[in-house]
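Visitor: I am new to this structure and would like to be guided through it. May I put some questions to you?

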Amino acid sequence: MSAPGAVNGLRHRGRLPLTWLYAPGDRPEVVGKALGSGADVVIVDLEDAVAPDRKAYALDATVDLLSDAHPVPVHVRIHTPRDIPVLASLPGLGGLRVPKVTHPSDIHRISELAPGLPLYPLLENALAVEQAYAIATAHPAVRGLSLGEADLRADLGVREDGGLDWPRSRIVVAARAARLPPPVQSVHADIGDLDALAAGCVRGRALGFLGRAAIHPRQLPVIERAYLPTAQEVDAARAVVAAAETDRGALALADGRFVDAAVVAGAHRVLALADRLG
């Protein structure tokens, strides 16, 4: 049997993920639609999207789903660490989303229950944000950070969206310092307001996020469009990469600007995203 996540997601190998679609674990028909939605990653939710009296059924249905690998990576947002022993060895499981992480010790406990499985902690209160770098570097199994913005907003008493910009920047910096991928933006709860979703994605991209979680398939093309590079950005990235390939020490572009290794790495990421444009 393949290791968890080894086969999962063959269709998306080599492609930077931009869309992460949540689906409630107690609704297998919705999970099935999510798997065919075009999302880069499907997240089966055993936590907020499932009523308390449906938790056991949701776990059983998720075990059935993950008994086989799927062409799309499938992660599970657990409800409790007690979910992990029945999930950890399943061939269709690509990673665990761990809610309400507040301290590196939380990651150590989860990693012991799921050795070798990628972990994605969700930071949902002020203490977690303050511990962001320590959580990001707590264990090699940590593969990315995300904010749980609904809970964080309530914890901080934030009334306007801009009040979360500092915590957002904090986890972007923590992820970069820990050499993790850029964080994925939290969900936009109003599935009917796609204009607000698009505007939020533009803001998130400016802050350093890469991609966004969604709760409905109609949100996916909006997120992808917002995070794909423009033609001008692709041209600029090609110029940077071309200059780097000359290998002549300090890199100077045709317009006289100098660039360093970090800029070159960013240019390569832009070109990797540009592959999605066809």
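Visitor: Which residues does histidine 216 touch, not counting residues up to four places away in sequence?
Guide: This is a predicted model. Histidine 216 sits in the loop between strand 7 (212–214) and helix 10 (220–227). Leaving aside residues up to four places away in sequence, histidine 216 touches Leu21 and Ile191.

Visitor: Is histidine 216 buried, partly exposed or exposed?
Guide: Buried residues have under 20% relative accessible area and exposed ones over 50%. The relative accessible area of histidine 216 is 26%, so histidine 216 is partly exposed.

Visitor: How far apart in space are histidine 216 and histidine 188?
Guide: In sequence, 28 residues separate histidine 216 and histidine 188. In space, from C-alpha to C-alpha, the two are apart by 9.7 Å.

Visitor: How many salt bridges does the count come to?
Guide: Side chains of opposite charge can pair when their charged atoms come close. For a salt bridge, a side-chain nitrogen of Lys or Arg must be within 4 Å of a carboxyl oxygen of Asp or Glu. By this rule, the number of salt bridges is 16.

Visitor: Which residue forms a salt bridge with lysine 100, and where is that partner?
Guide: The closest N and O atoms of lysine 100 and glutamate 47 are 2.8 Å apart, and the two form a salt bridge. The pair links distant parts of the chain, 53 residues apart, with lysine 100 in the loop between strand 4 (95–98) and helix 4 (104–113). The partner, in the loop between strand 2 (41–45) and helix 2 (55–65), is glutamate 47.

Visitor: Is glutamate 47 buried or exposed?
Guide: Lysine 100 has a relative accessible area of 45% and is partly exposed. For glutamate 47 the value is 6%, and a residue under 20% counts as buried. Glutamate 47 is therefore buried.

Visitor: Which parts does the salt bridge between glutamate 233 and arginine 205 tie together?
Guide: The side chains of glutamate 233 and arginine 205 meet at 2.8 Å, N to O.

Visitor: Where are the buried residues of helix 1 placed around the axis?
Guide: In helix 1 (residues 28–35), the buried residues are Val31, Ala34 and Leu35. They cover an arc of only 100° around the axis, which means that they lie on the same side of helix 1.

Visitor: What do the buried residues of helix 1 pack against?
Guide: The partners comprise strands and a helix. The buried residues of helix 1 pack against strand 1 (19–24), strand 2, helix 2 and strand 3 (74–77).

Visitor: At roughly what angle do the axes of helix 9 and helix 10 cross?
Guide: Two packed helices are described by the angle between their axes and the distance between the axes. The crossing of helix 9 and helix 10 is right-handed. The contact involves residues including Leu194 and Leu197 of helix 9, and Val222 and Ile223 of helix 10. The axes come within 9 Å, and they cross at roughly 35°.

Note on methods
Residues numbered from 1 in each chain as written. Predicted model: local features only at pLDDT ≥ 70, side-chain atom pairs only at ≥ 80, totals over all residues. Heavy atoms only, no water. Helix = DSSP H or I, 4+ residues; strand = E, 2+ residues; numbered from the N terminus. Buried < 20%, exposed > 50% of the residue type's maximum accessible area, 1.4 Å probe, protein only. Contact = heavy atoms within 4.5 Å. Arc of directions from axis to C-beta. Axes fitted to C-alpha atoms, helices over the stretch in contact; angles between N-to-C directions. Left-handed = near helix turned anticlockwise from the far one by under 90°.
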